[in-house]
Amino acid sequence: GRNEAELRGRPFAEIVPGVDLPPGPADPSGEEQTVEARFENALGEERDVRVSVSAFHGAPDRKVVLVDDVTDRVRAEKALAERERLASLGVLAAGVAHEVNTPIAGLSSYAQMLLADTARDDPRYAILKKMERQTFRAAHLVNNLLEFARPRAAARVRTDLRRVIAN
């Protein structure tokens with residue numbers, strides 16, 4: 001966020017505030033030392049940087065410092081990790097949905113068969129009706145889990161709040 005002339009001759013801590021230099025090699029043949037950090041630039045943007053320090057051959061008291069802006073790479077890696085996490089969640093949700101929907105379908109079928117053989121004035125009818133509603137509700141919850149795992153554009157649906165509250 002600043003021009004080169006404004007930065008020339010200033011200490012590293014002022015150029016990249018909040019980022020500590022790695023210690024650097026102790027001798028000219030030593031390995032490069034690297035650290036990744038985040039700082040806020042002069043424009044107020046958060047940036048990710050990779051700072052490498054190596055020996056300056058021929059002048060052991062000096063070091064070569066290289067600062068790479070790796071913000072785009074870090075963001076791409078995070079986005080990829082999030083996509084992989086969501087894909088795994090989708091696979092898990094599909095497996096759970098299959099395993100849970102099978103017994104729910106069986107329970108719902110049995111409740112409906114018993115309802116067909118039960119008179120409306122039978123005291124068990126209300127219980128069977130409730131069982132049927134609850135199996136539909138459970139199936140709906142499983143479908144919601146699947147929808148969450150593979151998001152799509154939400155559809156608006158009119159709902160009677162009195163019915164929701166009564167349930």
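Leaving aside neighbours within four places in sequence, which residues is E132 in contact with? In this predicted model, the residues are A111, Q112 and L115. E132 lies in helix α4. Its relative accessibility is 10%, so E132 counts as buried, the cut-off being under 20%.

T135 also has its place in helix α4, which spans residues 123-149. The relative accessibility of T135 is 10%, and T135 therefore counts as buried. Beyond residues up to four places away in sequence, T135 touches I104, L107 and S108.

Helix α4 also takes part in the largest pocket. The volume of this pocket is about 490 Å³. Its lining is made up of 13 residues. R137, H140, R163, V164 and N167 lie nearest the pocket centre. Two or more lining residues come from each of α4 and α5, the latter covering 161-166. The most is given by α4, with eight residues.

The structure holds zero aromatic pairs. A charge does sit over a ring, however: the charged end of R62 is placed over the ring of F56. The distance from the charged end of R62 to the centre of the F56 ring is 5.5 Å.

Notes. Residues are numbered from 1 along each chain as its sequence is written. This is a predicted model: local features need pLDDT of at least 70, side-chain atom pairs count only at pLDDT 80 or more; totals for chains, interfaces and linings use all residues. Side-chain values use heavy atoms; hydrogens and water are left out. Helices (H or I, at least four residues) and strands (E, at least two) are DSSP runs, numbered from the N terminus. Buried means under 20% relative accessible area, exposed over 50%, partly exposed in between (1.4 Å probe, protein chains only). Contact means heavy atoms within 4.5 Å. Rings of Phe, Tyr and Trp (its six-membered ring) pair if their centres lie within 6.5 Å; planes under 30 degrees apart count as stacked, over 60 as edge-to-face and the rest as tilted. A charge sits over a ring if NZ of Lys or CZ of Arg is within 6 Å of the ring centre and within 35 degrees of the ring normal. On a 1 Å grid over the protein atoms alone, a cavity is a set of points where a 1.4 Å probe fits but cannot get out, and a pocket is an open set with protein on both sides within 12 Å along at least five of seven lines; lining residues have an atom within 4 Å of a point. Grid points are joined across faces, edges and corners, and a volume is the space filled by probe spheres set on the points.
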